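Keep the picture in view as you read.

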Amino acid sequence: MSSAASLTTLPPVIVGAGPAGIRAAETLVRAGLRPVLIDETAKGGGQIYRQQPDGFSRPAKALYGFEASRAEALHASWRALLDQVDYRPHTLVWNSEGGELDLLQVREQHYDGQPWQQLILATGATDRILPFQGWTLPGVYTLGAAQIALKYQATAIGSRVVFAGTGPLLYLIAYQYAKAGVEVAAVLDSAPFSAKLQATPAMLKGPAVFAKGLWYLGWLKARGIRIEYDAHLLAASGDQRLTAVRWRQQGQEQQLDCDGLGFGYALRSETQLADILDCRFQFDELNRAWLPVRDAMGRSSRDGVYLAGDGAGIMGADAAEWAGELAALALLQDSGRAVDATRVSQLQQQLARTRQFRQALEDAFPFPEQWVHEVADDVVLCRCENVTVGEARRLISELSLQDMNRLKAHSRVGMGRCQGRMCGLAAAELLAATSGQSVADAGRLRAQAPVKPLPYAIAPTVQQWSPALPVTAVAEEADHD
């Protein structure tokens, strides 16, 4: 890893005001700097500690449960930073070129630019999606979107809701909905119960997280909420919107009426900006995904670019706070400032322990590898371009495709508004299985600007932005993250 220039006339820039971004900003402010803190949302906290809008006054305990004290501490840090940083809420970083970030200021509806020499990317994560029949029906949400609806605006995705997929978030959200008074018809976990039993000894290395998981499970069972293991989601059905879900369990198909479905298979990192900045990537077996390479301090392969939080690998909110502080310490160290070596070592040890525990979580909630063999040809794989699984399979076989970007060129998978953020990982699974290679060998979609959709008809307000840049989307994306 290389280091950044020791002297810079520009303030450090942080993208993302979640747990990693806020702790990074706090560390830089403590060192006497005034960083630029850019965030897409209105208030700091990220998705995990998302703050409610003005006018809502639900208590932290109701919003964040066991994590209320951590959420309140992070929000307090964010508020204390507001006068000490150049804070840019409602601002999307959609590209970077020539030492400058391209910004869309959503509220003011104009484009802007932000030059940088030292940049910390704390871009977070979205749900990992595996398509199934009917997944684009109204009433079907990702788990993250279902949680945001409840946490942000006290809105449920339905009156009788099913949650499906796998991962710790599955049980947390089911618990949060049931506790809020919503009827949870069932929790459909694709992982077998035996996987959880086998992972229990390793899970005990993270006793607090393990205990919380047991609490959610016990609470749901005590209230008679149906929990099914080894249950594989097949279809969401309904004419105009969702009315029922169907799944397979031990060879038998089952169906349940509902008007809301939240689904997801853990999380995927938001890596597009790191890719556009030419950071080096490598395949990470734990995350089953290509991730930007970082050293033990959070330095990327590119001078002046640092990586922290779930955007560089899924580790959770606590680890994001530690990684954010560590990345800021690396930035300070590369600027020629002395940093506390004891604190650096402590942070690195905490992150190493978290990664070990993360393996236990993967063992308890394994990725459903059979999905790619069971998904039907008529299922929509890429909803932006309406490409089906069958079309992708046919092209892969007929053209002997072996690379994700070749699949994109021939099928238009990942060429639409989401740029592969939603369909990319599922398409890679399909390519790997159909072409007889590993997911790692199938490669990854190269990121393209804009990393998220931009509106037409907004005039640039600074000279640096060029109208010739490829603004291709038509409206702001209704993200399901």
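We begin with a sheet of five strands, which is open and has the order E9-E16-E10-E11-E12, with parallel pairing. Strands here are DSSP runs (E, at least two residues), as helices are (H or I, at least four residues), and both are numbered from the N terminus; two strands pair if DSSP finds at least two bridges between them. Strand E9 (140-142) and strand E12 (227-228) are the edge strands with a single partner strand each, so one side of each has no neighbour in the sheet.

This is a predicted model, where local features need pLDDT of at least 70 and side-chain atom pairs count only at pLDDT 80 or more, while totals for chains, interfaces and linings use all residues. Residues are numbered from 1 along each chain as its sequence is written, and side-chain values use heavy atoms, leaving out hydrogens and water.

E9 runs parallel to strand E16 (residues 260-265), and three bridges join them. Val-140 has Leu-261 of E16 opposite. A helix joins the picture too: H5 (residues 168-179) packs on the sheet and touches strand E10 (160-166), strand E11 (183-189) and E12. Contact means heavy atoms within 4.5 Å. The direction of H5 makes about 175 degrees with that of E11, where axes are lines fitted to C-alpha atoms (for helices, over the stretch in contact) and angles run from 0 to 180 degrees between N-to-C directions.

Next comes another sheet, an open one of three strands in the order E4-E5-E6, with antiparallel pairing. Strand E4 (91-97) and strand E6 (110-115) stand at its edges. E4 is joined to strand E5 (residues 100-105) by six bridges, and Val-93 has Leu-103 in E5 as its bridge partner.
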